[in-house]
Amino acid sequence: MVEQNPNADSGNTGGNASPAAETSRSQPRATAGRRDRRFARRAKVCPFCEDKARIISYKQVDLLERFLTDRGSIRSRRKIGTCAKHQRRLATAIKRARHLALLPYTAEHIRTT
Amino acid sequence: MNQYELALVFSSELDEEGLVESVNKVTQWINDHSGTVQNVDNWGRRKLAYPIRKLREGYYVFIQAEMPPTAVKVMEENFNITEDVLRYLVLRTDE
């Protein structure tokens, strides 16, 4: 018997939720991927930590632009898999490059150039 | 004395000579404030990611220099006045 208990929200458990929480919903939620062990995400390694002694600099435009979305926004750490330290460095480098017009701020910049 | 990197974007309305003059003006300012210019990296003309003052291109010049910290403010004021300088960024490069 599946219980529809709206108060049984364990969506913020962070790691793997208990199987009991899984059955308390009849519909998959946005976080279903986290609970569904079949699609367990592989460990994401920071592209800057692992082996790449690649320096993050506002001058490395070709390196930096890979971390922007098609609209010119900085990609989230979740998507890229960077570690906190490198994500911060990456973000400041991108912001500096934007100031110097080496990188765009918005999608419109990409379109009209 | 601290280590700095000056990233400058000059107006594409300058010709090659005008650019050299402007860069020399900047190095002169550095020397005037008892700084030493160590390296000048000129990327030349480059497309801007977005138009600045209606222009779509600019000259990119990077200068590494050692300067006293008091000089930084003066340099920035000068950059603000200079019309040829579209963008500037003064960075400290010692740890």
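Biologist: Is B:Gln3 buried, partly exposed or exposed?

Modeller: This is a predicted model, in which local features need pLDDT of at least 70, side-chain atom pairs count only at pLDDT 80 or more, and totals for chains, interfaces and linings use all residues. Residues are numbered from 1 along each chain as its sequence is written, chains are lettered from A and ligands numbered from 1 in the order in which they are written, and side-chain values use heavy atoms, without hydrogens and water. Buried means under 20% relative accessible area, exposed over 50%, and partly exposed in between (1.4 Å probe, protein chains only). B:Gln3 has 22% relative accessibility and therefore counts as partly exposed.

Biologist: Where does B:Gln3 lie, and with which side chain does its side chain make a polar contact?

Modeller: Helices (H or I, at least four residues) and strands (E, at least two) are DSSP runs, numbered from the N terminus. B:Gln3 belongs to strand E1 of chain B. A polar contact is a pair of N or O atoms within 3.5 Å; within protein, one must be able to donate a hydrogen and the other to accept it, and residues adjacent in sequence count only if both atoms are side-chain atoms. The side chain of B:Gln3 has such a contact with that of B:Gln38, at 2.4 Å.

Biologist: Which residues touch the most other members of the largest nonpolar core?

Modeller: In soluble globular proteins, nonpolar side chains tend to be buried together. A nonpolar core is a set of buried Ala, Val, Leu, Ile, Met, Phe, Trp, Tyr and Cys residues joined through side-chain atoms within 4.5 Å. The largest one here has 30 residues, and A:Leu64, A:Leu90, A:Leu100 and B:Tyr60 touch the most other members. A second, separate core of 21 residues includes B:Phe10 and B:Met75.

Biologist: What is the nearest side chain of opposite charge to A:Arg98?

Modeller: Lys and Arg count as positive and Asp and Glu as negative, while His and the chain ends are not counted. A salt bridge is a side-chain nitrogen of Lys or Arg within 4 Å of a carboxyl oxygen of Asp or Glu. A:Arg98, in helix H5 of chain A, is buried yet has no salt bridge, and A:Asp70, the nearest side chain of opposite charge, is 11 Å away. A polar atom of the A:Arg98 side chain lies 3.1 Å from the backbone oxygen of A:Pro104.
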